[in-house]
Amino acid sequence: METREAILTRRSIRLYQDRAISEEDLKEILDAGTYAPSAVNLQPWYFVAIQDKGEMEKLYQIMGDVSTKIEPELRERFARNPEVVSETTGFIRKLGGAPVCILAFQLKPDYGKRPETIIQSVAAAIENMLLAATDKGIGSCWLTAPLEVDASEILRETFAPECGNLLAVITLGYPAQNPKTPPRKNGRYIIK
C-alpha cells in the first residue's frame, strides 16, 4: 500500500472481528512506532500491548469507569444524536472487542524538554503505528477518553508503574465495520 493510500483510507474503527493479530504483525506495528521522529532523538515513548484475556479484563474494568464518567460530557455534546452517546460509551467500555490494545506512555515521568515536545514525539509514534496497521488491513482507533476523565494514573499504575504519563489508548484488530470518511473541514491550512 502506498503511504498516501494508507493516510486517506485509515479510519477510526470501533467494532472488531473476533480474530487475533499475529505476533509478527503486532511487532511490526510497534516497531513502526519506534521509528517516529522525536525531539532531540529522545524517543520518549513506551508502549504496553495488551492481548492477554486477564489483562484485557483489567483494562475493561477501568474503561467501564471511563465510559461512565465521560457520558455526561457526551450527552451535552451530542444532545441531538443520543445514538452517538450510546455507541461511544459502549465502545469505550469494551473497546469494540479489539483483540489488542496499546497503551502509549511517556517512558519517564519528566524530561528536560517542554511537555508539549514530548507529547508531539509520542503522537508521531502513535500515527506511525496507525498507518502501519492500516497497511496490514488492521483497523485502529486512537482514544483520549481516559485522559479526559483523569483515568491516566490508574492505567499507569496498573500497566506501567515505572513509566510517565499515559498519552493514549489505541485499539487494534480486523475491522467488523467500514466507516465512511468523515467530511473534512475547510479552511484548515493556508499556503503563503
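Visitor: What should I know before I look at the model?

Guide: Residues are numbered from 1 along each chain as its sequence is written, and side-chain values use heavy atoms, with hydrogens and water left out. The model is predicted, so local features need pLDDT of at least 70 and side-chain atom pairs count only at pLDDT 80 or more, while totals for chains, interfaces and linings use all residues.

Visitor: In what order do the 4 strands of the open sheet lie?

Guide: Helices (H or I, at least four residues) and strands (E, at least two) are DSSP runs, numbered from the N terminus. Two strands pair if DSSP finds at least two bridges between them. Here the order is S1-S2-S4-S3, with antiparallel pairing. Strand S1 (45-50) and S3 are the edge strands, each pairing on one side only. From one strand to the next, the twist averages 20°.

Visitor: Which residues stand opposite each other along these pairs?

Guide: Start with S1 and strand S2 (residues 100-106), which are joined by 6 bridges. Tyr-46 stands opposite Phe-105 in S2, and Ile-50 faces Cys-101 in S2. On to the next pair: 6 bridges also join S2 to S4, with Leu-103 opposite Val-169 in S4. Finally, S3 and S4 run antiparallel with 5 bridges, and Ser-140 stands opposite Leu-172 in S4.

Visitor: Which way do the side chains of S2 point?

Guide: In a regular strand the side chains alternate between the two faces of the sheet. In S2, Val-100, Ile-102, Ala-104 and Gln-106 point one way, and Cys-101, Leu-103 and Phe-105 the other way.

Visitor: Which helix lies across S1, S2 and strand S4 (166-173)?

Guide: Contact means heavy atoms within 4.5 Å. Axes are lines fitted to C-alpha atoms, for helices over the stretch in contact, and angles run from 0 to 180 degrees between N-to-C directions. Helix H2 (residues 23-34) lies across these strands, at about 165° to S1.

Visitor: How do I read a pocket?

Guide: Rolling a probe the size of a water molecule over the atoms shows where empty space is left. On a 1 Å grid over the protein atoms alone, a cavity is a set of points where a 1.4 Å probe fits but cannot get out, whereas a pocket is an open set with protein on both sides within 12 Å along at least five of seven lines; lining residues have an atom within 4 Å of a point. Grid points are joined across faces, edges and corners, and a volume is the space filled by probe spheres set on the points.

Visitor: How much space lies in the largest pocket, and which residues are closest to its centre?

Guide: The largest pocket holds about 1300 Å³ of space. It is lined by 31 residues, and Ser-12, Arg-14, Cys-141, Trp-142 and Pro-182 are the closest to its centre. H4 gives the largest share of this lining, 5 residues. For classes, Ala, Val, Leu, Ile, Met, Phe, Trp, Tyr, Cys and Pro count as nonpolar, Asp, Glu, Lys and Arg as charged, and the others, Gly among them, as polar. The lining of the largest pocket has 16 nonpolar, 4 polar and 11 charged residues.

Visitor: And what about the second largest pocket?

Guide: The second largest pocket contains about 290 Å³. Its lining has 14 residues, with Asp-18, Lys-53, Gly-97, Ala-98 and Pro-99 nearest the centre. The largest share, 4 residues, comes from H3.

Visitor: What does Pro-109 touch?

Guide: Pro-109 lies in the loop between S2 and H5 and touches Cys-163 and Gly-164, not counting residues up to four places away in sequence. At 58% relative accessibility, Pro-109 counts as exposed.

Notes:
Buried means under 20% relative accessible area, exposed over 50%, partly exposed in between (1.4 Å probe, protein chains only).
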